[in-house]
Structure formats: structure tokens, C-alpha cells
Amino acid sequence: MIKGIKKYTKSLDVTLQATKEKMGKEAVNSETEQIKCLKESLRAIKWNLKNIHTIGKVYYDAKAFENTKEGDFGESMRTFGSQDSPMFGTRVGDLIQRVGTVIKETQTAELALNLHSNTVLINPLEKLYTTEVKKVIEVKRRHDVARLKYDAAQSKVKDLQGKPGKSLNQAEEDLRSAKEIYDTITNELTSSFESMQQTLEIQLTEFLQSYITHQYNFYQQQFQLWSELNNEINGTQSDSILRESVAIPNLGPAPQKMLPVPSNYKRQSVMPVMA
């Protein structure tokens, strides 16, 4: 019964300490600036990892939809230059068919690239958060509770100063116990945070190396494909292409004489009227 009362009293002291802090009536007097900075860094790492993962999923889902439309566009160009088209066999028809083919090849390569991006970067970020960062967050939560208990114990001793007796002795004993627990969890928090930082640096570097390599290979391949087409089209006279591929209607010989001017025609000035 007595133990239950003591436990309830300590819990009440912790609740009172937390309430005072939220109301600004009791300053946090246990945490060092180093621990405060550590917790802020942990909060930033948590938010950024979750943010990159969430936005990355949305981004690559949207690209998958756009990729389908890009494939449809490429196919429409291939059809325009196909055997059933009146453009078939002409230089323009051949060129537009090849452009459509490159677009289709780009679509296929980009599908593989997006899948790889999810596999090597987006999904591993979520796993990294749930396995590494969450472990430190759990230690941080226990540290928050230990810090509140430690501060509450300090406040209790401070309130009982000048009132010697069993209550003060018990409060001082509780303070020593709370400080020991707080110091132990502080060391655990510091070491777990440093371990998490090392793991993040190693694994994120590996993720990014694979991601960058595949992005580079993709865009290098696209640059090569489009460079070949660009060199070809710029090395061909565009007017000759049009003459050989597009039938220009015969409008007949140009008139040899000017048409008579109507008698009621009056020349209009096109000069602006000055105000």
C-alpha cells in the first residue's frame, strides 16, 4: 500500500513538472546544450527521411503515369511513318518513325530506371528509418521520461530545503536514483545516435552511388540516341526533304499582268496620325 502511494506520488510529481514546463513556470535544468542539439538533429533526420520517402513515392508514381503517355506518343509517331501511312518511304516518314522508335525505347529504359530508383533509394529509405532511426527515437522517449523524473526530483528536494526530516531524506535518495538513471540513459542516447549517424552515412552513400550511376547511364544513353538523330536532321537540307516527301499542289502559272484597280478605290494612308 505504502509503495503504491510512493509510486503514485512520484508519477504525480513528474506530471506536475511536465505541466509547469509547458506553462513556462519551470525551466528544464538537466539537459545540456549538447543533448538538446542531439534531439533537434534527430528530429530533423526523422522528418527529412520521411519527407524524401513520401515525396519520392509520389514522384515516381506520377512518372509511371507520364511514362505510359510518353509511350502512346511515341507509338503515334511510329504509326504516322509506318507502311500504311502516305508518308511511308519518304525521308520525313522515315525520320518521324525513327523519332517515335527512340521515344518508345526511352519509355522502356525509363520504366526500368524508375523501378531501379524505387528499389535502391526510395524503399531502402523507409527501411532505414524503421530499423535505425526508430531505435534512437525510442531511446530518446525513455530519455525524456528520465529527464522529467530527474527534474521533478530536483524540484522536490528544492521545495523541502529547510524542512529536515524523513521527507527530505527520501527526496534526496530519490534524486540520487533519478540522476543515476538519467545519466545512464543519456550515455545510451549519445552512443545510439552516433551509431545511427555512422550507419546512415555508410548506407545512404551506397544508395546514392547506385542511384547516380543508373541515372548517369540512362541520360548518357538518351543523349547518344538523340545526338544521332540531331546530327542526321541537321546534316540534311530541310527544303529538299519537304520537296521529296510532300506533294505541293499545282497552282498554275503566275499572272503576267496586274489586275485593274477599281475606279472607286482610294489609297489609305498607313502612317500614324500624330496627336
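Contact is defined here as heavy atoms within 4.5 Å. The structure is a predicted model, in which local features need pLDDT of at least 70 and side-chain atom pairs count only at pLDDT 80 or more, whereas totals for chains, interfaces and linings use all residues. Residues are numbered from 1 along each chain as its sequence is written, and side-chain values use heavy atoms, with hydrogens and water left out.

The protein contains five helices and zero strands, where helices (H or I, at least four residues) and strands (E, at least two) are DSSP runs numbered from the N terminus. The order of elements from the N terminus is accordingly written α-α-α-α-α. Of the 275 residues, 31% are buried, a term denoting under 20% relative accessible area, with exposed set at over 50% and partly exposed in between (1.4 Å probe, protein chains only). Among contacts with a separation of 6 or more, 82% join residues 24 or more positions apart.

Helix 3 (residues 91-160) and helix 4 (residues 166-234) have axes that come within 7 Å and cross at roughly 170 degrees; the axes are lines fitted to C-alpha atoms over the stretch in contact, and angles between N-to-C directions run from 0 to 180 degrees. The two helices, helix 3 and helix 4, are therefore roughly antiparallel to each other, the class assigned to angles over 145 degrees. The residues of this contact comprise 39 nonpolar, 15 polar and 14 charged, with Ala, Val, Leu, Ile, Met, Phe, Trp, Tyr, Cys and Pro counted as nonpolar, Asp, Glu, Lys and Arg as charged, and the others, Gly among them, as polar.

A nonpolar core is a set of buried Ala, Val, Leu, Ile, Met, Phe, Trp, Tyr and Cys residues joined through side-chain atoms within 4.5 Å. The largest such core has 19 residues, of which L42, L121, V133, V136, F193 and M196 touch the most other members. Helix 2 (33-80), helix 3 and helix 4 each supply at least two residues of this core, and the largest share, ten residues, comes from helix 3. Apart from this core lies another, of eight residues, including L95, V102, I103 and L229.

At the residue level, M196 touches L42, I45, E132, V133 and V136, residues up to four places away in sequence not being counted. N118 lies in helix 3 and is buried, with a relative accessible area of 15%. Leaving aside neighbours within four places in sequence, N118 is in contact with K57, Y60, N123 and P124.

Key
Angles under 35 degrees count as roughly parallel, over 145 as roughly antiparallel, 65 to 115 as roughly perpendicular and the rest as oblique.
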